[in-house]
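Hello,

Here is the structure we talked about passing on. Please open it and keep it beside you while you read the notes below.

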Amino acid sequence: VGKKTNIQAVFAGWGTSNPFPSYLSSSVKDKGKTLVIFWEQYNTTLDAIISGSQDGYMQSFATSAKAYGGPIILAPFHEYICCLSCIRKNKTSITF
């Protein structure tokens with residue numbers, strides 16, 4: 001209360017044409033804020049990611065994140081609560 005925030009959050013879809021939100025550089029990094037990215041793996045599956053078929057995309061995302069040069073908090077994948085809801089309905093299973 002009474003203080004400016006020093007983080008900004010954004011959702012980034014998987015494999016979109018702008019894989020890393022570098023367009024936020026002037027409004028986030030240049031102002032000394034931390035970028036929080038909720039990285040949603042739309043249009044692919046966890047099995048595809050685990051198999052390595054998405055490694056090229058992930059490397060591109062990581063390279064762009066490094067070039068961004070500011071602090072980043074990366075929160076990958078869908079919300080945990082959603083996954084538990086799906087399991088309870090027997091729609092999917094998750095192996096940890």
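**Aromatic pairs**

The structure holds 8 aromatic pairs. One of them joins W14 and W39: the ring centres are 4.6 Å apart and the planes meet at 25 degrees, so this pair is stacked. W14 sits in the loop between β1 and β2, while W39 belongs to strand β2, so the pair ties together parts that are 25 residues apart in sequence. Both W14 and W39 are buried.

W14, F20, W39, Y57, F61 and Y68 make up one aromatic cluster. Y68 also has a charge above its ring. K29 lies over the face of Y68, at 5.7 Å from the ring centre.

**The chain as a whole**

Please remember that this is a predicted model. The protein chain has 3 helices and 3 strands. Read from the N terminus, the order is β-β-α-α-β-α. The chain has 96 residues, and 27% of them count as buried.

Now look at who touches whom. Take the contacts in the protein chain between residues at least 6 apart in sequence. Of these, 72% join residues at least 24 apart.

**Helix α2**

Helix α2 covers residues 55–68. How far apart should its ends be? At 1.5 Å a residue, its 14 residues should span 20 Å. The end C-alpha atoms are 20 Å apart, which agrees.

Which residues of α2 are buried? They are Y57, F61, A65 and Y68. They cover an arc of only 75 degrees around the axis, which puts them on the same side of α2. On the other side of α2, G56, Q59, K66 and A67 are exposed.

What covers the buried residues of α2? The cover includes all three of these strands: β1 (7–13), β2 (34–40) and β3 (72–76). Three members of the aromatic cluster, Y57, F61 and Y68, are also among the buried residues of α2.

After α2 comes G69, which has a positive phi, near 80 degrees.

A62 is in helix α2. With 38% relative accessibility, A62 counts as partly exposed. Now find F20. A62 and F20 are 42 residues apart along the chain, yet their C-alpha atoms are separated by 8.4 Å.

S25 is in the loop between β1 and β2. Is S25 buried or exposed? Buried counts as under 20%, and S25 has 18% relative accessibility, so S25 is buried. Set aside its neighbours within four places in sequence, and S25 is in contact with D30 and Y68. Y68 is the residue that has K29 over its face.

T34 is in strand β2. T34 has a relative accessible area of 18% and is buried. Which residues does T34 contact, leaving aside its neighbours within four places in sequence? The partners are N6, I7, Q8, V28, P71, I72 and I73.

**Where to start**

Begin with the stacked pair, W14 and W39. Move on to the rest of the aromatic cluster, including F20 and F61. Then turn to α2 and compare its buried residues, such as A65, with exposed ones on the other side, such as Q59. Finish with T34 and its contacts, among them I7 and I72.

Best wishes

Definitions and conventions
Residues are numbered from 1 along each chain as its sequence is written. This is a predicted model: local features need pLDDT of at least 70, side-chain atom pairs count only at pLDDT 80 or more; totals for chains, interfaces and linings use all residues. Side-chain values use heavy atoms; hydrogens and water are left out. Helices (H or I, at least four residues) and strands (E, at least two) are DSSP runs, numbered from the N terminus. Buried means under 20% relative accessible area, exposed over 50%, partly exposed in between (1.4 Å probe, protein chains only). Contact means heavy atoms within 4.5 Å. The expected span of a helix is 1.5 Å times one less than its number of residues. The arc is that of the directions from the helix axis to the C-beta atoms. Rings of Phe, Tyr and Trp (its six-membered ring) pair if their centres lie within 6.5 Å; planes under 30 degrees apart count as stacked, over 60 as edge-to-face and the rest as tilted. A charge sits over a ring if NZ of Lys or CZ of Arg is within 6 Å of the ring centre and within 35 degrees of the ring normal.
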